[in-house]
Amino acid sequence: MESASPFASGPPRQRPSMVPNPTGVVQTPLVGRSMAPSSSVPLTSPFGSALPGFSRPAATPFASRPPPPGAIPQGPIAGNGPRIPGFTAPRTLPPPSVQPAPPSAASSSIRQPTPYASATQDSGLQSYPGSPPSGASVATLPMPFVGPPASQQFGRPPTSQPLFSGPPRSQPPFAGAQYLQRPMAGSTNSQLPLAGLPTSQSPFLGPPTSQPPFTGPPTSQPPRPNTPQPPFAGLPTAQQFGGPSTQTLTGPPISQFVGPPTSQPYAGRSSSPSQMATPSSQPFSMPPTVGTSFGSPVWPSQPGQMVPSLPGNVQAPPRMFGMPPGMPGQPIPPVLPAMGHSALAGPQVSTQSKIDPNQIPRPLPNSSITIFETRQGNQANVPPSATSIFVVKDNGNCSPRLMRCTLNQIPCTGDLLSTSSMPFALMVQPLALPHPSDDPIPVVDFGESGPVRCSRCKSYINAFMRFIDHGRTFVCNLCGFTNETPRDYLCNLGPDGRRRDADERLELCKGTVEFVATREYMVRDPMPAVFFFLIDVSLNAIQTGATAAACSAISQSLADLPDGPRTMVGIATFDCSIHFYNLRRASQQPLMLIVPDIHDVYTPLHTDVVVPLTECRQSVEQLLESIPSLFENNKVSDSAFGAAIKAGFLALKPTGGKLLVFQSVLPSVGIGSLSSREAEGRTNVSAGDKEAHKLLQPADKTLKTMAIEFAEYQVCVDIFITAQTFVDIASISVVPGTTGGQVYYYYPFSALSDPGKLYNDLRWNLSRPQGFEAVMRVRCSQGLQVQEYAGSFCKRIPTDIDLPAIDCEKTIMVTFKHDDKFQENSECAFQCALLYTTVYGERRIRVINLSLPCTSMLTNLFRTADLDTQFACILKQAASSIPMNSLSQVREQITNLCINILHAYRKFCATVSSSGQLILPEALKLLPLYTLALVKSIGLRNDGRFDDRSYWASHVMSLSISLAVPLVYPRMISIHDLTAKENDGSLSSSNIPLSSEHINDDGIYLLENGEDCLIYVGNMVNPDTLQKLFGVTSVDGLPTQLVLQQFDNDFSEKLSVVMNEIRQQRCSYLRLRLCKKGDPSGMHFMSYMVEDKTAGGLSYVEFLVHVHRQIQTKMA
Amino acid sequence: MAEELAGTGAAASDPDGPDGVRMTWNNWPRTKVEASKCIVPVAASISPIRPSPTLLVLPYHPLRCKPPCFAVLNPFAVVDFAAKIWICPLCFTRNHFPPHYAGISENNMPGELYPQCTTVEYAPPPLDHLSSPPPPPPVFLFVIDTCIIEEELVFLKSAMRRAIGLLPDNALVGLLTFGRMVQLYELGFTEVSKIYVFKGTKEIPKEQILDQLGLSTTNVRHGAVIGAPGYPKSPQSNGFHPSGSVNRFLLPAADCEYALNTLLDEMQTDQWPVEAGSRSLRCTGVALSVAAGLLGACMPGTGARIIALVGGPCTQGPGMIVSKDLSDPVRCHKDLDKDAAPHFHKAVKFYDNLAKQLVNQGHVLDLFASALDQVGVAEMKVAVERTGGLVVLAESFGHSVFKDSFKQIFEDGEQSLGLSFNGTLEINCSKDIKIQGIIGSCTSLEKKGALCADTVVGQGNTTSWKMCGLDRSTCLTVFFDISTTERSNQSGIPNPQLYIQFLTNYQGPEGQMRLRVTTVTRKWADSSNTEELVQGFDQETAAVVLARFTSLKMEMEEGFDATRWLDRSLIRLCSRFGDYRKEDPASFTLNPNFSILPQFMFNLRRSQFVQVFNNSPDETAYFRMMLNRESITNSVVMIQPSLLLYSFNSPPVPALLDVASISADRILLLDAYFSVVIFHGMTIAQWRNMGYQNQPEHQAFAELLQAPQHDAQTIIRERFPVPRLVVCDQHGSQARFLLAKLNPSATYNSSHEVAVGSDIIFTDDVSLQIFCEHLQRLVVQS
C-alpha cells in the first residue's frame, strides 16, 4: 500500500498515536515523505524509525501495529509527533458517524486508505479486539480493552477509578501523587459545585487503575526502532492494535478528516478509509494503527454526532478546496505532480486539485498511558509527546517533563542546524509536576563538602561524568576537563568501566537529582515562605465585587499555605493610598496604617505588617472578612498600583517572598501610573496600525526598574487582574514577568462567575510545588553555548537567571548556538542547575541532566524533531516579537519559518522526485496546522484588544509545553451527547476539529484551551438537554454569566466529570463562558475555529496549499 | 550697699500697675541724641492680657479716631461734652461722638473715659446673634514622640490621660505620634483604628499633606472619602471647617475620650530597630509639619494648638539637628560659634518656615521637651516663639517639671493659664515716637506705617503683631525710638505728655473675642535736666530689658561680646548718671533709682543668659524664651535670684545673694525661677537626719524645716513652667545649684578667714565687691 498510494509517504510512519486521531491520520499521509528519508535509517518506514515499536514491523507498518497495544504509548513517543499514545478515545468515533461520512468521503477524490475504511467502521470495530468495535455502545467498548493488558493500570482513569479520586483534592499539590490534581479541584469542591466532583474522580490520578492496556507494555519500548523489542510486542493485546492498525492504514485518514474526527479518530478512519479508500496511502494506515493500538478506542458516543457532521464535512471539504482550483492557476502544475506523488493530503489536492479536509493531519487525542524510559542501551530515547500521558523511568536522562529539547538529536554543526531551519532550544520546567508513578526525584546529601563539581566549569556530578584511572579522576561531560576525584568520593571501577557504586549512587545513575545545598550556596538563611496580599479597594473593585472575591479567595486559601511557623502573611489594601494592617495587636480591632504618599512609598511599621500565619490566622481572617465592608462606601476611583506594589515590596524586602496583587483598574496615580493609551491609540488612527505594536510595549521603564529591584530582594509578584476596562497589561505584566510571577486575567470580571476561578487560581498559586530565591543556569557541552533564556525571570548576569520564585508551571526556554562541531557519535549534554529554597526553608540544588546523541544527518534531525517543543518555542518567539513588530510581520515570520522547515525537509530529505507533492516530515506533520492556528491566535489576530494580546504574550512566555499546544489549538468536544458516550475512557478525549463544519445547531460544544472554557449552545438544542445541563428550558433562558451547577441527572454529572477532568489536566480551573449562536459570544466562539477561512486568514486546506506553493517556489 | 539691695526684686505687690506696662524710662528723653546718651534703651514691657481685678469690660464696640490714627477713645482724650467732640490725645484730631453717645456728659461718662480706666476691655456682642456661629472650639493636636524608652512612655501616657480628662468637652482633639515615621490617627473612623503614616525623611508641603489626607478642597482624590462609614457627614456644612472632613482627625473631646484612651493603652514605643551606635530615628520636623498641615484644614481663626511632646533630638528629615550616628555629638555653643553645627541653619530655616505657616493659620506650637540630652529646642525656638507657644524643658516625662506644667495647661480656674488665641497687637503712639520692634512671643505682621522706626529690634517694621497664642502672663518688650525733629520740637505744642495706646484683639479661653485697650501716658523729660530722667528710671525694667536686648544681640550678631558690651554700657550709664569726682573712685555714688543696677548687671553677666557655655544651646534657648515672655518681676528673678533665710530666731528674711549667707544653722530658700533650692545648713541637716523633727519636743525644728518647703510650694504652684525643686544640704553635691548663684565673696583664694559653718566657693570669678570697685574706678576715669 505504501508504495502505491500517492501519499506514498503515508505508509511509513507508524506513529501509533497519530494514527488514532482523526486528524492525525490525515497528517500522516502528508508525512509520507518522511518515510523515505527515514528509510535510510534502519527502519524502512519513516515512521518506523521514529517509532521504535514499529520499526521492527518495518515491512508493514500495520504489522507493526500489533505491538501497539502495549507499545502504544511508546509509539507516540517515537517521535511521530502526534501526541498521543493514549488516545484510546479516538476509536470511539469511528463507528457510527464514520459510516455516513464515508460515502461522501469516497466521493471526494482523495485516495485514501479506503481499504481499511471499508473495513472500517464495521471491520474496524471488529477488527479491534473485537469487543470494542462491536461494542458500538460506548460503554462496552472500553471494557474489552481493559481486559487485555495489564496496562489498565495506567488506563485513563477517567470514569471509574476511585483510587485516585479520593486523594487528589485533598492533597496539596506538592504531594507527589497528585500531579494531576490541581488544587483547583479540591478547592472547587468547596466553592463550586463542579469542583467537588473533580476531587473525587480525578481521573488522572487514577491512571494506574485505568484500563488502558497500553500502559503496561509500553514502558519497555523506547521509541527507537533500535530498541530491542517493541514493547508492544510483548502484549498480547497487540491484537487490538493490530486490528486497528490495519484499519488505520486504510481508514484512518478518512475518518480523521471527517468532521467528527475529534472523537473518533479511529472509527473515523475506518470509515473514512472507505471514503478515502483510494488513497492507497498506507501511510495513513500507519497512523491508524497507532490509533488502534490504543485500543480502548471504541467510543460510540461521539459518533452519533459525528456521523451527521461527517457527511457534511466531507463534502464540505471539497468545496472549501475551492482552493485547488485557484491553485491550479499557477501552482497547478506542481500540485498535480504532487498528486502524482504519494503525498497525502497536500498532494492529493493536486490530483483533483482537491484536498480532502478529512485527511489532513490533525492532532489525535490519546489518553492512554505509556511508560517512558529516558535511556535505554546507553542511548537517549525520544520522549513521548508532551501532551500525552506517560510515566517516566529515569535511567540517566531527566524526565522530559523537566527538560526537553526541540531536537532529540543534536546537529553536529551549526550549518546543519541552520539548513534544517528548525529552532534549537531547551524547554526547562524545573519543578514540573511528576506523574504519580514517575520515579521520584532523589535527594542526595553530600554533607558539608557539598556536591562534587567539575572544578573548571562547575557543573555538577552526573551520570555522564566518566571516571577513569581506577576512579581517581573523572572527565567532565560538559567541558571535558579531567578532575581529581575527591578522596571520600573514590570508588573503584568495575569491568564495564563504570564505578562499582554507580547504581547505588543516585547522582550517578539518575538524570535528575536534588542536592542538599551547603552553606556555600546561601548568602543568608533560607528564607521563610512569605505571602503578602495586596487588594484593590477602589470604587471599581468594590462595586464589581472584585474586592470581596479577592478577600474571600485569600481567606479560604490560607489553609493551603505551607504549614509551619516560618510561613508569614501580610495584607494591604490600596486605592489612591495604601493601607497596611497591623495584624498583631492586643485589641481585637485591626489597625489600619495608611501610607498616603504614593510618589515615595514606605512601610509604616517595622514589624507586625507581615506576621507568622500560625499566630495570627484569626486576625487575618477577621480582617479579610471586614475589608469589603470597611470600604463599601469608598468613592475613590483612582488606583495607586505602582506605589502599592512598591510598598508591598518594602514590607517583604527583609525576607523576600510572594506578593499577590488583586488589581481592578488602570493604575492611575502615584509611581508607575499609566494612561489609557489604548483609547488614545484608537483616537489617533493615523499612527494606528503602524504603531499599534508599541501599545504592547511597556509604557515606560518605571515598573521595569522596580521589578528588577524586587527580584534582587527575592520578591515575586503575581497579579490578578479583575478588570472591566483597559488596564495596560503590557506595562503591568513586566513586573511579574521579571520576578518569576504571572498575570491572571479576568476580563470582564464577573462577581457571579469569576470568584470560583479566582479562588482556584489563587489556591493553586499558593499551594503548587514551588521554590523561592532561586538561581538557575543551564550548562551545555563544549561546542554549544547558551544564546538566550526566555521566560519569567530577572537576568542580571549573562550566565544565570534569578527567579525570586519558581513553580511547577513556569517554563524557561533556553536557546543555543554552535560554537564548534560535534563528533558524529558523541553525545551532547545539557545540565540545568536550579538552586532554590523550598517552601519549608530547605535549600536545594536540583540538577537536571539530558544527554543527547549528535548527528550529522538531516534526516535524523527531522525524524527526531519534537513538534510540541518546537511549537512551544515558535510560540514563545512569536509572543516576544509582537511588541516589536507589526502583527503582519510576525505572522509572516511564523509562516515563513514553517515553510522553511518544510522546504528543508522537502529539499534534503524527501527522496521522491515528485516535486508536486507537499511532503511533511512525520514528526512535524502538524506543524502547518499549528502554525495556522498560531497565526489566528488571540495574540496575533488583528481584532484583539491590546490587553488580551498583552496578556496572551505574557502568559505564553512562561507557558509549559503541554499547555502551549492547546492554547493555540484548543480542544473541542461535544457535550450534548455526553450521556451517549458512556463512561469509557476519558470523556474529553474525543476531540472535534476546530472547524465550523463540525458545529451543529442542535449541539452543545465545549472548547477549552487550558485557560478559558467556552460552552457553545446551538440554537436548536434539545430543550431537555438544556434543562438537564443548565436548568433552563430554552436557549434564550440561558444566563450570560455562567456558573455551572450540577443538577441531579446523569447528563449534568457527566459534564461535571468532564470539566473536572479537564481542570485537572490543565492545572487550571478554566474560565467558563457561555456562547450562544447568533450572539456576540457565539462569534467569539467561532473565532476559535482556526481551520475555517476567516476574514483575516486562510482555511487549513488553503493554508496547506499556500505552504506547498511557497515550497515549490523555493524549490524552483 | 548690698544689704539694702537685697530682696528688692520681690518687693512690690503689683509693680506693673493696672496697665501691666513698665518702662525703662518713665520720663522720656526728648531727642534721639539724648536717648542715645541714656544708654539703656527706651522700652516698655507690656503684658497684653494680664488679668486685673479692676478691669472694666465694656459690652460695646470701641470708638475710634479717624484714620490713619484709629486710636480708641480713652481717658486722656479731651472731651467737649457740649459739642460732643473728643480730641484724640495721640494725633490731636477732633472727633464727633456718634449718635449713641448722645447722652454723654460730665456726669455720665462711658467707662472708657474714667480716669482710672486706662485699660479697658471691649466685648461687643456679635452683630447678629442668629447668623453668627458660636465661637469655634479650641483645638488641641497632640504630637507625641514614641522614640523613647518604655518607662518614659508610661509617664507620658499617664500625663496624656490626665490631660484628656481635663479637656473641655467641646475642645477638638487630634492625635499624632512619631518616631521614624509619623502616625496620624483618624479618630473619626470607628470600624478600625485608622492611621495615616508619613515618612519621616521628607518634607511634605502643606498642600500635599492636605491632599494626602483627603482634606484638600480642590482635590478630588480623597474628597469623596467623606462619605465613608464612620465619618459624621454633617460637619462640613457648619462652616468652621471649609473642608469639613478635618473632623475625621479632630473630634470633640467628649466623643473621642474613649478612643484616645484606647489608643494610649496600645501605644508602643517606636518599633523600628535601632542599630548599635546609633540614635533612634526621629522625625520631629515632619511630624510638626504634618500637624501644621492638618490644622491648615481648619479655618483660620480657629484657635488651635499643636502640643508637641518630644523625647529626643530630631535625627532625620527636615528639622534634623544631629545625625543618627552616636559618634556625632549634638551641637553645643562652641559648635554654633564656630559654625560647626552642620544641621543647625537648615533646621532653623525649616522651623522658620513652619512658624510662618502656623502664623498664617493662626495656630500655636507648644513644646514639651523631656530628655536628658538636647532635643532641638534651639532650632524650634523660632516656631514656638513666633506663634506664642509654651515651652517646657524637663529631664523626663516623669519629672514634675513636665508633669505639673503639662497639667497646668488644661486646668481651669485659679491655676488656669488663661490660654488665648489669635491675638493681634496694635500700637499707637504720639508723634515723635517710633517703634523699633518687639522682643517676645509674637510675629510682625509687616504692617508698616509712619510709626515704624528705621532701626529694627526683634519683630519690627510694623505697628501690628500677631500673637497666635497668648496667656495671662505673656509679656512683650517694645522698643521705641525718639525721632523728634528740630522742627517739630519747636513748632509742636509743648505738650509735656506722650501717649501710647496698646490694642490687643484676642480670642479668650472660652472662644469669645475681646479687644483690650491700654492707653498710657508718660512725661517728656526736659532735655537739660538729667534729674528728671533719673527720677523716671526703673532699674528692674532696665535690667530685664538689657538682658533681653543682650540675648537678642547674642543670637543675631555674630561675634557679639555680651560681657563687654554690658560692662561698657554700665560704665557709660554710671558715668552719665552717677555722682563722682573724676579720678576718685571713692567719691562715686549712685542715685537709689540706679543703685541696684550694678548688682543686676553683675548677676546678669554671670547668668545663663550671658554665660551660655555652661548650658546647652537648648537650655539657653529655653531660658531666653522664658526671659522674653515673663513679666519683669519674674525676669528679674531669673537674672538675680532671690534668697530667703530661715532660722530659729527670726521670721524668714531676705538674705544677701552671697556665699556669706550660708550658715550651718540656717535654711536657705533660693528662687532662681527655673529652680527652687532649699538648702539646709550642715547642722540643720544633721539634726534632720537624726530625726529631731519627729520628736514632739522639737516642734520648732519641724516647723523650721517645713517653712521653706511651704514657701517653695507656693512659688512652684504659681509658676509656669513649674520650676525644678532641689532640696540639698550643705556640702552635698546638689548644693551646686545654690552655690552657682551666689556671689563668690569667699573663694578658696580668700578663705583663710572662713567662719565655722560658712562656706566658700571654688571659683575664680570676681565677687560683687571687686566688680563694683572696678566699676567705680572705670567710671571715674573717663
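Modeller: Happy to. In this predicted model, F648(B), W687(B) and M690(B) make a nonpolar surface patch of about 300 Å². Of these, W687(B) belongs to helix α19 of chain B, which covers residues 682–690. Its relative accessible area is 31%, so W687(B) is partly exposed, just above the 30% that a patch residue has to exceed.

Now to rings that meet other rings. A pair of aromatic rings is described by the distance of the centres and the angle of the planes. Over all chains, the count comes to 53 aromatic pairs. One of them joins Y745(A) and Y747(A): this pair is stacked, with 5.8 Å centre to centre and 15° between the planes. Y745(A) counts as buried because its relative accessibility is 7%, while Y747(A), at 24%, counts as partly exposed.

In chain B, W28(B) and F480(B) form a tilted pair, because their planes lie at 50° with the ring centres 5.1 Å apart. W28(B) is in strand β2 (residues 27–28) and F480(B) in strand β21 (residues 476–482), so this pair ties together parts of chain B that are 452 residues apart in sequence. Both W28(B) and F480(B) are buried.

Ring pairs can also build a group: F140(B), F142(B), F368(B), F397(B), F402(B), F406(B) and F410(B) are linked this way into a cluster.

Finally, a charge can meet a ring too. The charged end of R499(A) sits over the ring of F467(A), 4.4 Å from its centre, and R499(A) also lies over the face of Y489(A), at 4.3 Å from that ring centre.

Conventions. Residues are numbered from 1 along each chain as its sequence is written. Chains are lettered from A and ligands numbered from 1 in the order in which they are written. This is a predicted model: local features need pLDDT of at least 70, side-chain atom pairs count only at pLDDT 80 or more; totals for chains, interfaces and linings use all residues. Side-chain values use heavy atoms; hydrogens and water are left out. Patches are made of residues with over 30% relative accessible area and no salt bridge: like charges are joined within 9 Å, nonpolar side chains (Val, Leu, Ile, Met, Phe, Trp, Tyr) within 5 Å. Accessible areas come from the Shrake-Rupley method with a 1.4 Å probe; for residues, only the protein chains shown count as cover. A salt bridge is a side-chain nitrogen of Lys or Arg within 4 Å of a carboxyl oxygen of Asp or Glu. Helices (H or I, at least four residues) and strands (E, at least two) are DSSP runs, numbered from the N terminus. Buried means under 20% relative accessible area, exposed over 50%, partly exposed in between (1.4 Å probe, protein chains only). Rings of Phe, Tyr and Trp (its six-membered ring) pair if their centres lie within 6.5 Å; planes under 30 degrees apart count as stacked, over 60 as edge-to-face and the rest as tilted. A charge sits over a ring if NZ of Lys or CZ of Arg is within 6 Å of the ring centre and within 35 degrees of the ring normal.
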